[in-house]
Amino acid sequence: MNALSKPLSLHGPAGALQALLDTPLLDPGVAPRGTAVIAHPHPLFGGTMTNKVVQTLARACVLCGWRALRFNFRGVGESQGAYDEGRGELQDMLAAIEQQAPADAPLLIAGFSFGAFVASQAIAALHGARAIERAVLVGTACSRFEVAPIPTELQDATLVIHGELDDTVPLAAVLDWARPQSLPVTVVPGGEHFFHGQLPLLRSLVVRHVRA
């Protein structure tokens, strides 16, 4: 990754949150385009901010000139607290956004699997209160959690990616969530939940959306 990676400790509602901030290496005088905040998969099933899909999302954002913030939800790694079925994790994400994504600069919200569910809730919580320039939801856990609908005004700025052969979250569940919203879903043929062997393609899809 052509970036400077810096470990951070954020103030979360349940205690310290372990985080990593990747900053793009830009020409002198050129400011980052904004801040991307990326949420990781389920804490109880090995999900962390170093997950390969989460790292791929961060790389894609950095390639497009964004700062990329990854963080561990409460109870993961060095983050304090305990798993809270998504409620506390949403508060963790909102705290990370408040501390590292200035309100006067563009914001990108992203997540993978359980993290995409939390990201959808963060989008719903912030919509109308501050601008969200881009959103990226990958492997969205629609079969397991109440994923929030994307506000109509943000649908053009939202990329939903899912693997055709995902056996953790069936593609049909994501289509059932997206259908009432007429929200397009980008399907990766042959792709499964963790996009093994297809991370470069995933990165390219995200880069194309973020640069648009």
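User: Which residues form the aromatic cluster here?
Analyst: In this predicted model, one aromatic cluster is formed by Phe71, Phe73, Tyr83, Phe114, Phe117 and Phe145.

User: And how many aromatic pairs does the count come to?
Analyst: The count comes to seven aromatic pairs. In one of them, the ring centres of phenylalanine 73 and phenylalanine 114 are 5.7 Å apart with the planes at 90°, and the pair is therefore edge-to-face, given that an angle over 60 degrees puts it in that class.

User: Which parts does that pair tie together?
Analyst: Phenylalanine 73 sits in the loop between strand S4 (67–71) and helix H2 (87–100), whereas phenylalanine 114 belongs to helix H3, so the pair links parts that are 41 residues apart in sequence.

User: Are those two buried or exposed?
Analyst: Phenylalanine 73 and phenylalanine 114 are both buried.

User: OK, switching to serine 113, where is that one found?
Analyst: Serine 113 lies in the loop that runs between strand S5 (107–112) and helix H3 (114–126), and with a relative accessibility of 9% it counts as buried, because that value is under 20%.

User: What does serine 113 touch, leaving out residues up to four places away in sequence?
Analyst: With those left out, serine 113 is in contact with Pro41, Val138, Gly139, Thr140, Ala141 and His193.

User: Is cysteine 61 buried or exposed, then?
Analyst: Cysteine 61 counts as buried at 2% relative accessibility, and cysteine 64 is also buried, with a relative accessible area of 11%.

How values were computed:
Residues are numbered from 1 along each chain as its sequence is written. This is a predicted model: local features need pLDDT of at least 70, side-chain atom pairs count only at pLDDT 80 or more; totals for chains, interfaces and linings use all residues. Side-chain values use heavy atoms; hydrogens and water are left out. Helices (H or I, at least four residues) and strands (E, at least two) are DSSP runs, numbered from the N terminus. Buried means under 20% relative accessible area, exposed over 50%, partly exposed in between (1.4 Å probe, protein chains only). Contact means heavy atoms within 4.5 Å. Rings of Phe, Tyr and Trp (its six-membered ring) pair if their centres lie within 6.5 Å; planes under 30 degrees apart count as stacked, over 60 as edge-to-face and the rest as tilted.
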